[in-house]
Amino acid sequence: MRLARRGAQLGLLGQLFEAARRGEGRAALVTGSPGTGKSALLRVFAQEARRSGALVLNASASPAETDLPSGVVGQLLSGAGPDAEHHHRPRGLSPRHSFEDTASRAEPPDDPAVLHTALRELAATAPVVVLVDDVHHVDEVSARCLLYVCGRLATSRVLLVMSGRSRPPLLLPLAELLRHPRCASVPLTTFDEDGVAEFLAAPSGGGMDLSTARRLAPDWHRFTGGNPRLLRGLLDDHRACEPVRPSRPVAGTAFRRAVTGCLRGAGAPAVSAARALAVLADASTLTLLARLLETLERAVGPCLDELDTIGLLDGGRLRHEGVRAAVLEELSAEESCRLHTAAGRMLYENGAEPATVARHLVAADTAGGRSGPVWAAAVLAEAARHTMSSGGARQAADFLRTARRAGGHEEAGLLTMLARAEWETDPAAVIRHLPDLERNLGARPPAGLDTADVVGLLLWHGRPAGAARALPELHEPGGAGEPAAALAYVYPDTGTGPFPHDAAEAGREPAGHAAEERDEAAERVLESIVYDHAPPVSVAAVLSALLHTGETGRAARWCALLAGGDRTRATPARRAVAAAAAAVVQGRTGAHDLAAEHAGRALSLLSPRAWGVAIGMPLSAAVLAATGRGAYEEAAARLRTPVPAAMFHTRAGLHYLLARGHYHLAVGRPKAALGDFHACRDLLAGWRLEPRGAADWSTPAAVAVQALRGEDAADGDPIAALTEAERRVVVLAADGCTNRAIAARLYLTTSTVEQHLTRVYRKLCVKSRLDLADLVAARPRP
């Protein structure tokens with residue numbers, strides 16, 4: 001088997017073997033950090049030595065057997081039995097006696113001469129190669145025996161090859177053995193980029209073509225530091241990515257196992273240092289590492305050097321997140337909790353940023369911590385506020401959940417912040433907090449409670465009565481009037497229930513200059529939703545303003561504004577709101593394809609339950625867009641989406657009814673359409689609002705009434721039962737026009753004409769245009 005970049009080392013061992021064959025015994029020590037391929041080199045050399053006629057004796061030292069006397073010597077003697085009997089039996093031995101019997105009866109087991117005598121007798125007939133892997137774990141008695149052998153190799157045909165770590169310094173007698181003048185050094189290092197390319201191209205490695213290996217080598221070297229074991233793990237993960245292999249490295253299970261194996265070979269101090277680095281992450285310094293490890297700074301340096309030699313470090317920190325994850329994965333829950341708690345306390349005392357401290361408090365809590373320090377809740381709450389302002393709602397929610405478990409902080413304020421943070425990523429998660437939020441409002445909201453946020457969350461999830469309780473507080477001096485306006489905009493049902501009179505007045509539709517100011521205010525709020533982080537109460541208000549406005553002159557400004565939403569780091573809820581608003585605006589301008597695209601994205605970003613009562617906004621836009629395009633099956637599918645009953649007390653519900661009425665009218669169900677339009681009439685009358693602009697129900701209702709009258713007057717005329725659009729298509733088709741000609745005459749697309757004809761054939765039970773022509777010719781004369 002060919003090893004990448006190990007030809008020089010194998011050549012040196014080969015030269016030492018040839019010297020031993022001539023009777024000039026030698027010793028060699030293969031050194032290198034864990035994962036550099038020491039064991040692999042010994043295996044390949046053993047195969048070559050056997051092919052050359054040598055007897056190969058193998059032993060491997062283990063940390064579990066360091067205190068077992070003569071453990072390695074016992075492996076060497078027992079491993080030579082069969083070979084000694086059949087091929088290399090010492091002179092004077094009877095065939096009935098085994099090599100082990102002779103060795104064990106010659107001298108006491110701990111006598112250093114035992115191994116030397118046995119090896120010389122074996123070497124009388126053939127050269128002997130003794131391989132000892134991981135010699136740094138060898139027991140003291142075996143080390144003394146190996147030292148004895150090494151000092152007497154000069155006139156023997158024995159080659160002693162050992163492998164071990166290059167650091168830390170070893171204790172006597174092992175250190176004396178490795179410094180012996182007859183012991184040659186064979187160092188192994190990690191690969192450079194050319195070595196990585198050779199590894200990836202070698203048949204025993206990646207087996208890639210040379211051009212691919214050279215292209216991948218720089219990234220793979222940065223990812224592994226050139227450590228062969230890490231490269232092997234990365235290669236296994238790369239192969240597991242079939243059928244599509246990524247061009248960039250992927251740290252999977254095999255890579256993590258390789259990292260763990262390298263660390264175990266590095267020793268306990270290096271493992272502890274790696275764990276401290278993984279816990280501290282970017283905050284790590286030599287001083288903090290020493291404090292976390294409870295040791296001196298000068299003791300940390302050698303551990304970092306060892307990790308760097310292995311290839312796990314880059315610039316004094318763990319090479320990348322894949323290495324960090326592998327190290328943390330090996331931590332027990334108790335150790336993880338201890339380290340993160342200690343790291344959080346150290347960073348807090350050093351004045352670190354709240355978010356940095358909070359991440360450790362969350363990690364300690366996740367690992368099973370019962371209660372944090374007394375200052376934990378305040379730090380977590382402060383970190384959540386900073387993180388929310390920069391768009392990290394998900395992490396802020398983690399901070400706040402941990403803060404609530406830590407206690408010692410204002411519970412009502414924490415709950416409100418948590419609900420707000422959860423709304424940003426999944427508004428459905430807020431539902432479980434709504435009863436507590438309503439109770440916290442009470443007659444007088446407690447200190448620290450952000451009432452505007454609570455109102456917005458209650459409005460979103462269809463609880464206007466609970467939101468109304470906050471209004472007296474909001475109208476006190478210094479209070480905010482926006483939640484009251486939002487309540488009136490979203491739930492204009494001000495005639496009954498708990499809504500105060502000023503909210504009812506706010507619910508009246510503004511006109512003239514007031515309407516213009518309303519639209520400008522909605523535009524400012526929408527901009528804050530897209531680019532900043534306006535509270536949910538503002539979201540509810542602007543959605544309602546968008547739905548009710550009849551303005552189309554602002555459409556270009558709305559569309560340009562909303563187009564920026566996808567380029568921001570907005571949360572899922574805000575991206576969904578921006579997409580829904582874009583669907584409404586595009587639908588108002590007649591761009592049905594764009595409206596359908598935006599509405600579909602809005603509905604895919606949040607589940608129906610997460611949308612709350614606001615689901616009427618994207619659903620109405622989606623239904624109107626599908627109806628306008630003649631995609632009636634798509635519109636019907638959208639109408640099957642479950643909606644909350646509370647939605648029909650909001651403006652979103654009003655527009656949902658209007659959209660559903662337009663759909664019923666388009667598919668020839670004027671009676672169902674008229675029912676929806678009359679429901680809109682009743683809602684507006686109860687809200688004391690005028691049916692104008694986008695809320696106009698009367699015009700489509702008149703069309704529905706006319707269609708109903710046409711059905712009554714049809715007197716057996718099946719054509720009269722069709723929609724107006726369908727009748728126009730039927731007349732032209734019966735007159736012999738092609739689909740393309742019909743489309744040109746009626747300003748439709750050819751596909752729309754085809755859809756109309758498909759529905760007409762089904763409704764009239766006909767199969768061809770000739771049948772249509774017969775029905776049109778047979779119609780009664782008016």
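# Report on the predicted model

The chain contains 42 helices and seven strands. The model is a predicted one, and every value below is computed from it.

## Overall composition

The chain has 782 residues, and 51% of them count as buried. Its accessible surface comes to about 34700 Å², with carbon and sulfur atoms contributing 52% of that area. When contacts between residues at least 6 apart in sequence are considered, 70% join residues at least 24 apart.

## Nonpolar cores

The largest nonpolar core is made up of 75 residues. Within this core, the residues with the most contacts are L200, W220, V259 and L307. Helix α13, spanning residues 268-280, supplies the largest share of the core, namely nine residues.

Which residues does L200 contact, once its neighbours within four places in sequence are left aside? They are G206, G207, M208, A213, L216, A217, W220 and L235.

## Cysteines

How many disulfides does a search of the whole structure find? The search finds zero. For C183, the nearest cysteine sulfur is that of C150, at 5.6 Å. A disulfide requires the two sulfur atoms to lie within 2.5 Å, so C183 is in no disulfide. In general terms, a disulfide is a covalent bond that links the sulfur atoms of two cysteines.

C183 counts as buried because its relative accessibility, 12%, is under the 20% cut-off. C145 is likewise buried, since a relative accessible area of 1% falls under that 20% limit.

A673 is located in helix α37, which covers residues 670-687. Is this alanine, A673, buried or exposed? With a relative accessibility of 0%, A673 is under the 20% cut-off and therefore counts as buried. Not counting residues up to four places away in sequence, A673 touches G661, H664 and L665. H662 lies 11 residues from A673 along the chain, and the C-alpha atoms of these two residues are separated by 6.6 Å.

## Summary of buried residues

| Residue | Relative accessibility | Class |
|---|---|---|
| C145 | 1% | buried |
| C183 | 12% | buried |
| A673 | 0% | buried |

How values were computed. Residues numbered from 1 in each chain as written. Predicted model: local features only at pLDDT ≥ 70, side-chain atom pairs only at ≥ 80, totals over all residues. Heavy atoms only, no water. Helix = DSSP H or I, 4+ residues; strand = E, 2+ residues; numbered from the N terminus. Buried < 20%, exposed > 50% of the residue type's maximum accessible area, 1.4 Å probe, protein only. Contact = heavy atoms within 4.5 Å. Areas by Shrake-Rupley, 256 points an atom, 1.4 Å probe, with all protein chains shown as cover. Core = buried A, V, L, I, M, F, W, Y, C linked by side-chain atoms within 4.5 Å.
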